[in-house]
Amino acid sequence: MFTIQKLFDIQYPIIQGGMANVSDYNLAAAVSKAGGLGVIASGGYSVDEIRDGIHKIREMTNKPFAVNLQLGHPKIDEIIDMVIEEKVEYVIAGGGNPQPYFQRWLDGGLKVIPVVGNTKMAKKVESLGAIACIFEGAEAGGHIAALNTMAVLPGIVDAVSIPVIAAGGITSGRQMLAAEVLGASGVQMGTRFLAAHETNVHEKFKEAVLAAEDKDVVVTGYTGHPVRVLKNEMTDEYLKLEKAGGNTNIDRLMELGTGASRRASQEGDVERGSVMVGQGVGLVTKRESVQEIILTTMSEYETAKTKI
């Protein structure tokens, strides 16, 4: 048994990524009901929308779930107050420095699982009181750090005593087994759930994900805030502007990036919006329910073990 199955009282060692503008209560509830740990995102949602999602997921299932705290959210302080008030048990914190918030989280009764990008960060959050951490490598979709999942994971596992959950490009049971061999206590998957029936994104967004191959993934914002997305008209223009001198084109770059995630996921503009996907997107090839995705992943994992 992976450590996180006991830690979160879940059947399978799978955490669903808290993807901005994607991971609402419906997806999170489906993952939790299917035996994983569903996660409600805060990125792209208002305080009231997140609160409503917490209420709705509790109506849909009594299984464990978490709320993702996107630390760059303009209303992050209000969100923290709200999740404490709502007595959410687990929070996953990413997108910023968690240290200033930690004591407030612990005093509020939250069990904290920060997303980390390197060994130093993992050691720090352990010392602050994290119950586990998620190491997300650069193979992930959306905003990414510099280090790669499989190369760095073993060192992080060796450096801390809390469970380390592997994330970044993991979309199959074979990769789950690889993460386990390297010491991971479970995995987080985001891209794998993008085309799920229960994922409330625009149909054109799902079509783009299903049609994508590994060669279709690109990183924008390499001059400051890198983001892994599918190539499209927007990324072509963005990268040309960056190469021509990002600092001199900053206003246009900001214009292109502002609201780009929502344009793609909710409005269906997959050419001028950001279709955020990880490098494993080529393995997402058909529409399935969340339960089918989780059971398929576990079947792949068990089959891979027999081949070692």
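Contact here means heavy atoms within 4.5 Å. The views come from a predicted model, in which local features need pLDDT of at least 70 and side-chain atom pairs count only at pLDDT 80 or more, while totals for chains, interfaces and linings use all residues. Residues are numbered from 1 along each chain as its sequence is written, and side-chain values use heavy atoms, with hydrogens and water left out.

**View 1. Surroundings of glutamate 86.**
Glutamate 86 is found in the loop between helix H4 (76–85) and strand E4 (90–94). Helices (H or I, at least four residues) and strands (E, at least two) are DSSP runs, numbered from the N terminus. Not counting residues up to four places away in sequence, glutamate 86 touches Arg51, Ile54, His55 and Arg58. Its side chain makes a polar contact with the side chain of histidine 55, at 3.1 Å. A polar contact is a pair of N or O atoms within 3.5 Å; within protein, one must be able to donate a hydrogen and the other to accept it, and residues adjacent in sequence count only if both atoms are side-chain atoms. Glutamate 86 counts as buried because its relative accessibility is 13%. The classes are buried under 20% relative accessible area, exposed over 50%, and partly exposed in between (1.4 Å probe, protein chains only).

**View 2. Strand E4 and its pairing with E3.**
Of the 5 residues of E4, 5 are buried, so the strand is largely enclosed by the rest of the structure. Tyr90, Ile92 and Gly94 point one way from E4, and Val91 and Ala93 point the other way. Strand E3 (residues 65–70) pairs with E4 in the parallel sense over 5 bridges; two strands pair if DSSP finds at least two bridges between them. Opposite isoleucine 92 in E4 stands asparagine 68.

**View 3. The open sheet E7-E11-E10.**
This open sheet has 3 strands in the order E7-E11-E10, with antiparallel pairing. E7 and E10 stand at the edges, each with a single partner strand, so one side of each is left without a neighbour in the sheet. Strand E7 (residues 142–143) is joined to strand E11 (residues 227–230) over 2 bridges, and strand E10 (residues 217–220) is joined to E11 by 4 bridges. Arginine 228 in E11 is the bridge partner of glycine 142 and also of valine 219. The bridge partner of valine 218 in E11 is valine 229.

**View 4. Serine 23 in the loop between E1 and H2.**
Serine 23 has its place in the loop between strand E1 (14–16) and helix H2 (25–33). With a relative accessible area of 0%, serine 23 is buried. Its side chain makes a polar contact with the side chain of glutamine 16 at 3.1 Å, and the serine 23 side chain also reaches the backbone nitrogen of methionine 19 at 2.8 Å. Residues that serine 23 touches, not counting those up to four places away in sequence, are Gln16, Gly17, Gly18, Val39, Ile40, Ala41 and Tyr45.

**View 5. Two residues with positive phi.**
Asparagine 21 lies in the loop between E1 and H2. Its phi is near 65 degrees, a positive value in a residue other than glycine. At 6% relative accessibility, asparagine 21 counts as buried. Aspartate 9, in the loop between helix H1 (3–8) and E1, is not a glycine but has a positive phi of about 55 degrees. Aspartate 9 is exposed, with a relative accessible area of 63%.

**View 6. The second largest pocket.**
The second largest pocket has a volume of about 180 Å³. On a 1 Å grid over the protein atoms alone, a pocket is an open set of points with protein on both sides within 12 Å along at least five of seven lines, and lining residues have an atom within 4 Å of a point. Its lining has 15 residues, of which Asp24, Tyr25, Tyr45, Glu49 and Gly53 lie nearest the centre of the pocket. Helix H3 (residues 47–60) gives the most to this lining, with 4 residues.

**View 7. Valine 270 in the loop between H12 and H13.**
Valine 270 is found in the loop between helix H12 (260–265) and helix H13 (290–305). Leaving aside neighbours within four places in sequence, valine 270 is in contact with Lys204, Phe205, Ala208, Asn232, Ala264 and Val275. The C-alpha atoms of valine 270 and leucine 283 are separated by 19 Å, and these residues are 13 apart along the chain.

Notes
On a 1 Å grid over the protein atoms alone, a cavity is a set of points where a 1.4 Å probe fits but cannot get out, and a pocket is an open set with protein on both sides within 12 Å along at least five of seven lines; lining residues have an atom within 4 Å of a point. Grid points are joined across faces, edges and corners, and a volume is the space filled by probe spheres set on the points.
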